[in-house]
Amino acid sequence: MAGPLEGGVPGVAGHRHADESLLDDEKSMLANDPGGMLRATASAGAQVREAAALAAETDLSMLADEGRPRAVVVAGIGTAGLTGSILSTVAGPRCPVPIIGHRSPGLPGWVGAADVVIAVSASGRSPEALAAAEAAARRGARLVAVGNPDSELEAMAARARAPFFAVPRRAPARASLWGLAVPVLLAARAIGLVKVNEADLAETATRLDADAERCRPGADSFVNPAKALALSLAGSIPIVWGSSPLATVAARRFADTLAANARYPVMAGALGEAGRGRVGLLDGVFGGLAESSRDIFADSDTEETSATRLRLVLFRDGGLNPEEDADEPVAVEERRADAVQTLAERRGVRCDVLTAEGGSAIERLASLTAVPDFASLYLALAHGLDPMAVPAISEMKELSNPLPEGMQ
Ligand SMILES: O=P(O)(O)OC[C@H]1O[C@](O)(CO)[C@@H](O)[C@@H]1O
C-alpha cells in the first residue's frame, strides 16, 4: 500500500489505494473524521424535522397573499444550488410555473416584480445568493431567503422585509442538504407549487434515520450498504446515471459528494441523455477494453489487473404516479435501465443498482441520497482523507479572491 503523499502540497495527504481495514475500526474512523462529517450526515432526518418546525414558525403569508408568480428562481451555488433542482423535480413536469436554478451572482435580466426569488446559502454569505437577494429586492421581486442565522443574507432579507428561514450552520453545506432543501420546498408549497405534506416530511425523516442506522460507522461492510458501495467504487472511475429526473438529481448529488468528500472524478447525469452518447464510455479504454484485457490469473500488482476501470452506479426510480407525474412513461425508463445493465454486464463493467423507495417524491429522493452520502465519506476514510477539509477548495478561494483593500 502506498504511504501518505510526502513533500507535496501542504494539507494534501492520503493513500493512493483504498485500505478496507480503515473502515473496520469505529474509533479510528471517527478520529480520522475530526470535523464530524459522519455525525453531520447522520443528522439528515433531524434536519428534515428541524426545518419543518422552523417553517411552521416562519410567516410566509406575504408569499401566499400575492398569488401565483410568473416564475420561481432558486439562487445559490453548490449544495444550495442543488435545492433548485430538488424543487424542480418535486414540483414535477406539470408544475404551472417555471422553476429556474441560478448558480451565478445576480439574477437573469428578465426577473422582476412578478417573480419569486429563493436565495439559499448555508453560510449566508455566498456572493451568488447575496447578489441574487440584493437584485430581487431592488427589482421588487418577492424574496425568500434560507441560510445561517445572523448572516449577511439574514440582514439583507430583514432590510427587504422578506421571510428568512434561519438554518443553523452546524456542518459544511454538503452535509446540510436536507436543512436547506426542506425550507425551499415549503416556501414553494406556500405558493401552491408543490404538494409536500407533514406526513411526507415525517416519513422522509424516518427513512433518513433508518438509513443512517444501517450505514453507521460501527456496522461492518457486509451489513453496511454504504461501506459496501464505497469499497465497490474504490480505485475506479464511477459513472452515476439516473433513470428518471428524480433519480438524476440524486445521481448528481452523488457526483458532488464523491468529488468533494472522497475526491473522486465522477461522471453523472440522466440515463436518457447518456444513452445517446456517453454510454459509449462502456466500450472504451476504461470500460470494455480494460475488462477484456484483464488477466484473472495475473498478479494483482501487474498493470493489466490494476488498470483504472469504470464502475457504473445506476439509480432506478419506478415513479409514483406515472400517468399524471411524468412526461415519459415509466416503462420506457425501466427498459432503458434494464438495457444499460445488460450493456455493462456484456462488457464486464461492474454495476451497482440503487432503487428508490417511498410514497412521495421527497422520500424517494431521500432513499437515493442517504446511502450514497455515507458511501462518499467511507471512500474518503478508506483513502485516509479527511472528508471535511478540502485543501483545494480553500486554496481556490484564497487564490481567486482579491486581497482586502490595503493588503495589496
Ligand atoms: O451554501 P453556501 O455557504 O453559500 O456555500 C456554497 C458552496 O460553497 C462551498 O462552501 C465551497 O466554497 C460549498 O461547500 C457550498 O456548497
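Predicted model: local features only at pLDDT ≥ 70, side-chain atom pairs only at ≥ 80, totals over all residues.
A nonpolar core is a set of buried Ala, Val, Leu, Ile, Met, Phe, Trp, Tyr and Cys residues joined through side-chain atoms within 4.5 Å, and buried means under 20% relative accessible area, with a 1.4 Å probe and protein chains only.

Residues are numbered from 1 along each chain as its sequence is written, and side-chain values use heavy atoms, leaving out hydrogens and water.

So, how many residues does the largest nonpolar core have? There are 89, and those with the most contacts inside it include Val72, Leu87 and Trp178. Helix H17 (residues 361–382) gives the largest share of this core, 15 residues; helices here are DSSP runs, H or I, of at least four residues, numbered from the N terminus. Another core, of 20 residues, lies apart from it, and Ala129 and Leu153 are among them.

Now to the ligand. Which residues surround it? Among them are Ile77, Thr79, Ala122 and Lys397, where near means a heavy atom within 4 Å. Polar contacts are pairs of N or O atoms within 3.5 Å. A ligand oxygen is 3.0 Å from a polar backbone atom of Thr79, and one is 2.7 Å from a polar backbone atom of Ala122. For Lys397, an N or O atom of the side chain is 2.8 Å from a ligand oxygen.

Technical notes: Buried < 20%, exposed > 50% of the residue type's maximum accessible area, 1.4 Å probe, protein only. Helix = DSSP H or I, 4+ residues; strand = E, 2+ residues; numbered from the N terminus. Polar contact = N/O pair within 3.5 Å; in protein donor to acceptor, adjacent residues only side chain to side chain.
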